[in-house]
Amino acid sequence: MYETIQTPFNYGGLTLKNRIIFAPTTFGLSDEDYFEKIRRIAAGGCAMIIVGDVPVGKSHFGKSLFDKKGFAFYQKVIGIAHDNDCKVCAQLHQSDSNIKAMLKYVPGVLTKRISMQELRPLLNNEVAPYITNMPHKKVKEITSAFGTAAVLAKKAGFDMIQIHGDRMCGSFSSSIYNHRTDEYGGTAENRARFAVEAVSAVREKLPDMPIDYKLAVRQENPHYGNAGVIEDELKVFVPMLEKAGVTSFHVTLANHSDLENTIPPKNHPYFGEPGCFLKFCDEVRQYTNLPICGVGGLTDPDFVEKQLADGRIQCAAMSRQLLADPDWVNKLKNGHADQIHRCVRCNKKCLGGLMQHQGTHCIYEK
Ligand SMILES: Cc1cc2nc3c(=O)[nH]c(=O)nc-3n(C[C@H](O)[C@H](O)[C@H](O)COP(=O)(O)O)c2cc1C
C-alpha cells in the first residue's frame with residue numbers, strides 16, 4: 001500500500017527518502033515553540049521541510065541569515081530536522097512591500113481602525129509603483145543578494161534552495177504590477193528577467209546546489225491571483241527558469257489577492273477540491289521534464305498515491321495536513337492510514353491563528 005509515496009526520489013539532485021514535503025509555512029511562534037513544531041513534523045516521517053520566507057538580506061521582520069542570531073536560529077532548525085532524517089530547504093524571498101509606503105498605515109493598524117484583512121489590499125496597491133519605479137541599481141543588488149543568501153544558507157546546512165516565485169519575483173513577473181519600460185518590463189521575457197537573474201545568482205555561486213522554484217501561476221478565467229505568471233506565459237517562463245539553473249518546480253496559484261485563494265478552505269468557490277492546483281502542474285509539465293511538486297488540498301493518502309503513481313507529480317507538498325497530523329507519513333508506513341487526523345481545510349487556527357497574531361496552530365491541537 002502507498003508504495004509510490006514511500007519510494008525514495010531524486011528531486012532535482014537531492015535524494016528524498018519519500019515523496020512528501022512540508023510546504024513552506026510561516027508560524028509566527030516563539031523560537032522554542034517553532035523548534036518543537038519542526039521537530040514534530042520532521043519526526044513524523046516527511047522527507048523534507050521547506051522553511052518559509054527566509055529573507056535575502058537583513059530583516060526587521062523575520063529571522064535573517066545575514067545576522068548572527070538569525071544564522072544560529074536556522075542552524076538549530078536544520079539540526080533538529082537532520083537529527084530526524086529529514087532534509088531542509090530554504091525558501092529565499094524578497095518582500096515586495098514598500099516599507100516607506102507602509103508607514104502611513106501604522107497608526108491605523110495600531111489604533112485598530114485598519115484590520116489585518118483591510119491592510120492587505122492597501123499594501124497590494126503599493127506594489128505596482130514600487131516595482132515599476134525601483135531604480136535599476138537596486139534591482140541588480142536584490143537579484144545578486146539571492147546568491148549571497150544561498151551561500152549563507154548552504155553554510156548553515158540547508159540541503160536545497162527554493163526561490164520564492166511569488167513576492168518580488170512574482171510581482172516583477174506580473175503585467176498587473178510591473179509597468180516598467182526597461183529590460184525588466186514589457187514582454188514576458190523581460191518580466192521573467194528578475195526571477196532568472198535571482199536563479200542565476202544562486203547557480204553561479206553554488207554550481208551543484210539543487211534549486212527549486214515556487215512557480216506562482218495566475219489564472220485569468222475566472223481571475224485568481226495577481227502576481228506571478230499567467231497560464232499562457234508558462235511557455236516563456238518555464239524554459240527560461242530551467243536554463244538559468246532551476247532543477248525542480250513547486251507549482252501553485254499566484255498570490256497578492258485574498259490569502260484564502262492560495263490557502264483555500266474546503267468551501268472555496270473554485271479551489272475547494274482535493275489537489276486544487278494540480279491543473280497548473282499539468283500545464284507546467286508541457287514545457288519541462290524536471291520534477292514537479294504539487295501542493296494544495298493534498299490530504300487523502302489514496303488520492304496522493306494516485307497522483308504520484310500516475311506520474312502527474314513527482315512529490316506532494318502539504319502545509320495544513322502536516323499541521324493537522326505531522327505523523328501522516330509514519331501512520332501510512334505502519335499501516336494506520338485510518339488513524340490520520342485529516343485536515344478539514346477550515347483555516348480556523350492555521351491561517352486564522354497567523355492573521356490574529358496567535359501563531360499557526362490547528363483545531364486538532366490539544
Ligand atoms: C499558516 C500558513 C502559512 C503559510 N506560509 C507560507 C510561506 O511562508 N511561504 C509560502 O510560500 N507559502 C506559505 N503558505 C502556503 C502553503 O505553502 C501552501 O501552498 C498552501 O497552504 C496550500 O497547501 P495546503 O492545502 O497543503 O495547506 C502558508 C500556508 C499556511 C496555512
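Which helices and strands do the buried residues of helix 10 pack against? In this predicted model, the buried residues of helix 10 pack against helix 8 (167–173), helix 9, strand 7 (211–220), strand 9 (229–230), strand 10 (248–253) and helix 12 (278–285).

**View 1. Helix 10 and the buried residues along it.** The buried residues of helix 10 are Leu234, Val236, Phe237, Val238, Leu241 and Ala244, and their packing partners include helix 8, helix 12 and strand 10. Just after helix 10 comes Gly245, whose phi is positive at about 130 degrees.

**View 2. The packing of helix 9 with helix 10.** Helix 9 (residues 188–205) packs with helix 10 (residues 234–244) at an angle of about 20 degrees, and the two axes are 8 Å apart. Because angles under 35 degrees count as roughly parallel, helix 9 is described as roughly parallel to helix 10. The crossing of helix 9 and helix 10 is right-handed. From helix 9, the residues Ala188, Glu189, Arg191, Ala192, Ala195, Val196, Val199, Ser200 and Arg203 take part in the contact, and they meet Val236, Phe237, Met240, Leu241 and Ala244 of helix 10. Sorted by class, this contact of helix 9 with helix 10 holds ten nonpolar, one polar and three charged residues.

**View 3. The packing of helix 3 with helix 7.** Here helix 3 (residues 68–83) and helix 7 (residues 136–156) pack at an angle of about 50 degrees, with their axes 9 Å apart, and helix 3 is therefore oblique to helix 7. Helix 3 and helix 7 form a right-handed crossing. In the contact itself, Phe71, Gln75 and Ile78 of helix 3 meet Leu152, Lys155 and Ala156 of helix 7, which by class gives four nonpolar residues, one polar and one charged.

**View 4. Val304 and the residues around it.** Val304 belongs to helix 13 (residues 301–309), and with a relative accessibility of 1% it counts as buried. When its neighbours within four places in sequence are left aside, Val304 is in contact with Ile5, Ile20, Leu298, Thr299, Ala316, Met318 and Trp328. Cys315 stands eleven residues from Val304 along the chain, and the C-alpha atoms of these two residues are separated by 9.2 Å.

**View 5. Lys112 and Arg345, two residues with positive phi.** Most residues other than glycine have a negative phi, and most peptide bonds are trans. Arg345 has a phi near 55 degrees and lies in the loop between helix 15 (328–333) and helix 16 (351–355), but Arg345 is buried, with a relative accessible area of 6%.

**View 6. The cis peptide bond from Asn221 to Pro222.** Pro222 is placed in the loop between strand 7 and strand 8 (223–224).

**View 7. The annotated stretch, residues 7–338.** An unreviewed UniProt entry carries the annotation "domain: NADH:flavin oxidoreductase/NADH oxidase N-terminal" for residues 7–338. Over residues 7–338, the chain of the model is 44% helix and 17% strand, and the end C-alpha atoms of the stretch are 21 Å apart.

Definitions and conventions: Residues numbered from 1 in each chain as written. Predicted model: local features only at pLDDT ≥ 70, side-chain atom pairs only at ≥ 80, totals over all residues. Heavy atoms only, no water. Axes fitted to C-alpha atoms, helices over the stretch in contact; angles between N-to-C directions. Helix = DSSP H or I, 4+ residues; strand = E, 2+ residues; numbered from the N terminus. Parallel < 35°, antiparallel > 145°, perpendicular 65-115°, else oblique. Left-handed = near helix turned anticlockwise from the far one by under 90°. Contact = heavy atoms within 4.5 Å. Nonpolar A, V, L, I, M, F, W, Y, C, P; charged D, E, K, R; others polar. Buried < 20%, exposed > 50% of the residue type's maximum accessible area, 1.4 Å probe, protein only. UniProt positions renumbered as here; feature names shortened; annotations may be inferred.
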